[in-house]
Amino acid sequence: MQPSAPVSPACFAARMAALGPWPGQGVPVCVAVSGGADSMALAILARGWRRDVVGLVVDHGLRAESRREAEQTVARLARLGMPARLLVLEGLARGPRMAERARRMRYQALFAACRTLGALDLLVAHHAGDQAETVLMRQQAASGDDGLAAMAVATDMADVRLVRPLLGMGKAALYATVRAAGVNWVEDPSNADLRTARARARHTLAADSSLAGTLLAEAGQAGQARQARDGQDACWLAAHARFHPGGWVVLPPGLAPPRLLSALIRAVGGRDYAPAREAVAALAARPRAATLAGVALMPWRAGQWLVAREEAALAPPIAATAGALWDRRFILHAPALPCGHHGATGPA
C-alpha cells in the first residue's frame, strides 16, 4: 500500500455538504463502526464534522474475540467523544450462506437502532477498494447493468438513508487518517480468507494495479446510467401504479417493464434480493396470474393487475409490541400496549 495523506476535515465536510441536507441540531446521524481501520477513519471524520453523531458497533459473535473487540471499539469511540451503542446479534447459526445471513442481521440491527434513536441517516465506511471488489465480483457473476453500477453513494432504505461518504476515497488515505489521529483499530482475519469471494477479488486487484481504476470508471458510467433509469422508473410509477398502505400495488393491463416489475415483487415480498430475471421477463412479456418470490399477481378490475403478498408466504402472527417488525415489511409504531395483545401491524 503506497503512502498517502490523511483525509482532511475540510475535504470530508465538503463531501458531506454535497450529500445533504442533513438534520438539524439534536437529531443524530448514526455511524456503523466495525472497529476496522476504514470504519474508525469514518468515525474520526464524522466526529469532526458534527457533534450529533452516534456510533453503532455490532457484535456478530462469529469469532471468540468478537465481544472483546466490539467493547474495545466502543471504548475507542468514547475517547473520540462519540457516544456509541453495542448491538449484539442473537440467533446467527453457522451453516450455509452464513455471511449473507450475518450481513442481513447486521443491517437489521443497525436500522432498528437508527429508528430507536430517531436517526434518518446511517453512514457506512465502504471505500473505493470495496467498490472495485464489488464490480469485479458482479462481473464474475454476470450481473446485469444495475449490478455493475455496484454501490450507490446514498441509498434510501425503508426508513433510513444509507450513506457511503468514503466511496471515492482509497484505503491508503483511510489508514493514514487513523494513524494521524493516533487511534488503534481491529484487524479481522476473515478479510484475508480466500474461501470468500470478496477476499479473492481483493487478492486479484492487489496483483493488478491498473484493474481497480478500470473497474471504478466502469462503475461510474454504469451508475450514471442507473440513475437515469431510476428517474424514468419513478415517472412511470407516478403515472401508472397505485400503492396501497396495506402493502399491495395496482398495475395497468400490461403490468410493468421487467426492471420495475422485479423491484415491485421484491418490495411487496419483503425480500433482500430480486426474483429470477428470466421469470420476471416472462411475466412482463405475457401477463398472467402467477406466484413468484412470495408474491401473487392477480387479475383486477378493468384489466388491471394486483401485485400482493402471497397468503401462503405470510409470516405468522406476532405479539403487537411497539417497534415490532412483521413479515419483513411492516413496523408497528404505537405507545406501550397492554400485555397479551396480538394482531396485524401497521405500515412502516
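User: At what angle do helix α5 and helix α8 pack?

Analyst: In this predicted model, helix α5 covers residues 128-140 and helix α8 covers residues 197-207, and their axes lie 9 Å apart. The arrangement counts as roughly perpendicular, because angles of 65 to 115 degrees fall in that class. The angle between α5 and α8 is about 105°.

User: How do the residues of the contact of α5 with α8 divide into nonpolar, polar and charged?

Analyst: On the α5 side the contact includes Gly129, Asp130, Glu133 and Leu136, while on the α8 side Arg198, Arg202, Thr204 and Leu205 are among the residues met. Sorted by kind, the residues of this contact are six nonpolar, three polar and four charged.

User: Which strands stand at the edges of the open sheet of six strands?

Analyst: The sheet has mixed pairing and runs in the order β3-β2-β1-β4-β6-β5, and its neighbouring strands are turned by 25° against each other on average, direction ignored. A strand at an edge has a single partner strand, so one side of it is left without a neighbour in the sheet. The two strands in that position are β3 (84-88) and β5 (154-156).

User: Which residue in β6 stands opposite leucine 122?

Analyst: Strand β4 (residues 121-123) pairs with strand β6 (residues 161-163) in the parallel sense, over three bridges. Opposite leucine 122 stands leucine 162.

User: Which strands does helix α2 touch where it packs on the sheet?

Analyst: Helix α2, formed by residues 37-49, has a direction that makes about 160° with that of β1. The strands touched by α2 are β1 (29-32), β2 (53-59) and β4.

Terms used. Residues numbered from 1 in each chain as written. Predicted model: local features only at pLDDT ≥ 70, side-chain atom pairs only at ≥ 80, totals over all residues. Heavy atoms only, no water. Axes fitted to C-alpha atoms, helices over the stretch in contact; angles between N-to-C directions. Helix = DSSP H or I, 4+ residues; strand = E, 2+ residues; numbered from the N terminus. Parallel < 35°, antiparallel > 145°, perpendicular 65-115°, else oblique. Contact = heavy atoms within 4.5 Å. Nonpolar A, V, L, I, M, F, W, Y, C, P; charged D, E, K, R; others polar. Pairing = 2+ DSSP bridges.
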